[in-house]
Amino acid sequence: MSQNTELNLTGVKQSQGVWLVKVPKYLSQQWDNAAEKGEVGKITIGKKQGKTEVHFSLDAELSALGAAEEKDGSFHVPRDHPFTVQTVGGQTLAVFSQSSTDEIRLEGMVVYRAECRPVVNDNYMKLKKLQIKESTKPQRISQQLERAVTSVFKPVANHDFNMEYEKKKKTEGKMVRAERQVVLDMLFSAFEKHQYYNIKDLVDITRQPVTYLKEIMREIGTYNSKGTHKSTWELKPEYRHYHSAEEEERESA
């Protein structure tokens with residue numbers, strides 16, 4: 001709705017009174033099946049013992065549309081609907097309509113509230129039975145297969161992390177075990193920079209197989225299974241001041 005929407009208050013000047021009527025869901029569905037300018041039914045207003053009686057009768061063609069739901073064709077949507085009418089009870093209610101040009105029009109003020117109820121007969125009971133049957137239908141049903149499914153469905157999309165892993169695997173190739181002293185030198189050099197490492201970082205630094213690396217770390221390191229540095233490795237106290245072979249050569253030179 002635009003901010004410049006016009007409000008037509010002609011209904012105020014004309015003092016139009018309207019009825020606010022509640023109808024059953026099935027009745028509004030039948031009205032939707034009617035032609036654009038077709039007749040949906042007739043309303044009769046009369047008096048009985050001094051009281052006003054309002055009665056709505058659904059069009060015969062719309063009533064027959066429900067027969068398709070029953071195999072024997074004997075089912076029809078209830079046609080007869082008496083009204084129960086009451087006043088608005090001190091409330092101020094209005095009915096507005098909106099056109100295709102966003103114009104809002106006051107159709108009138110609500111003078112009566114009414115409820116359109118069906119007459120309880122065989123057609124109505126068949127309708128309720130059908131509604132209950134439809135509401136209890138499971139959303140999903142299981143079916144027994146005549147033969148086993150042999151086709152294998154592979155995922156079409158490949159995740160980004162899988163593609164990255166495959167690319168990394170091709171460029172770096174398979175990890176090959178290096179000499180033990182070479183691996184020790186790389187580990188001691190890394191632990192001089194940081195005290196704690198997880199095994200993944202050590203694999204990236206040394207480019208060694210994880211099983212081979214864990215085997216060496218069990219000899220020279222300690223695994224922290226709890227505490228602040230959980231799931232990390234650190235050197236044993238006796239190896240924390242160890243110098244690699246390259247460093248010892250530089251110091252002796």
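This is a predicted model: local features need pLDDT of at least 70, side-chain atom pairs count only at pLDDT 80 or more; totals for chains, interfaces and linings use all residues.

Visitor: What is the mean pLDDT of the chain?

Guide: The value describes the predictor's confidence in each residue, on a scale from 0 to 100. In this chain, 83% of the residues reach 70 or more, and the mean pLDDT is 80.

Visitor: Which elements give two or more residues to the nonpolar patch on the surface?

Guide: The patch is formed by Trp-19, Val-21, Ile-43, Ile-45, Val-85, Val-111 and Tyr-112, which together have about 600 Å² of accessible area. The elements that contribute two or more of these residues are strand S2 (17-22), strand S3 (41-48) and strand S7 (104-116).

Visitor: Is Ile-45 buried or exposed?

Guide: Ile-45 is a residue of strand S3 and a member of the nonpolar patch. Its relative accessibility is 59%, and the term for a value over 50% applies. Ile-45 is therefore exposed.

Visitor: Which residue in S4 is the bridge partner of Lys-48?

Guide: Strand S4 (residues 51-58) pairs with S3 in the antiparallel sense, over eight bridges. The two strands form a hairpin with two residues between them, and Gln-49 in the turn has a positive phi of about 55°. The bridge partner of Lys-48 in S4 is Lys-51.

Visitor: Which residue in S5 is the bridge partner of His-55?

Guide: S4 also pairs with strand S5 (residues 80-87), in the antiparallel sense and over three bridges. Within S5, the bridge partner of His-55 is Pro-82.

Visitor: How many salt bridges does a search of the whole structure find?

Guide: Side chains of opposite charge can pair when their charged atoms come close. One of the salt bridges joins Arg-105 and Glu-107, at 3.8 Å from N to O. Arg-105 is partly exposed, with a relative accessible area of 29%, and Glu-107 is partly exposed at 28%. The number found in the whole structure is six.

Visitor: In which helix do Lys-200 and Asp-204 both lie?

Guide: These two residues form a salt bridge, their closest N and O atoms being 3.7 Å apart. Lys-200 is exposed, at 57% relative accessibility, whereas Asp-204 is partly exposed, at 34%. They are four residues apart, about one turn of the helix, and both lie in helix H7 (residues 199-206).

Visitor: Which residues are linked with Asp-204 in a network of salt bridges?

Guide: Asp-204 has a salt bridge to Lys-200. The side chain of Asp-204 also meets that of Arg-207 in a salt bridge, at 3.8 Å from N to O, and Arg-207 is partly exposed, with a relative accessible area of 28%. The residues linked with Asp-204 in the network are Lys-200 and Arg-207.

Visitor: Is Ile-216 buried or exposed?

Guide: Ile-216 is found in helix H8 (residues 210-220). A residue counts as buried under 20% relative accessible area. The relative accessibility of Ile-216 is 0%, so Ile-216 is buried.

Visitor: What separation lies between the C-alpha atoms of Ile-216 and Leu-184?

Guide: Leaving aside residues up to four places away in sequence, Ile-216 touches Arg-180, Val-183, Leu-184 and Leu-187. Ile-216 and Leu-184 are 32 residues apart along the chain, and their C-alpha atoms are separated by 8.0 Å.

Technical notes
Residues are numbered from 1 along each chain as its sequence is written. Side-chain values use heavy atoms; hydrogens and water are left out. Patches are made of residues with over 30% relative accessible area and no salt bridge: like charges are joined within 9 Å, nonpolar side chains (Val, Leu, Ile, Met, Phe, Trp, Tyr) within 5 Å. Accessible areas come from the Shrake-Rupley method with a 1.4 Å probe; for residues, only the protein chains shown count as cover. A salt bridge is a side-chain nitrogen of Lys or Arg within 4 Å of a carboxyl oxygen of Asp or Glu. Buried means under 20% relative accessible area, exposed over 50%, partly exposed in between (1.4 Å probe, protein chains only). Two strands pair if DSSP finds at least two bridges between them. Contact means heavy atoms within 4.5 Å.
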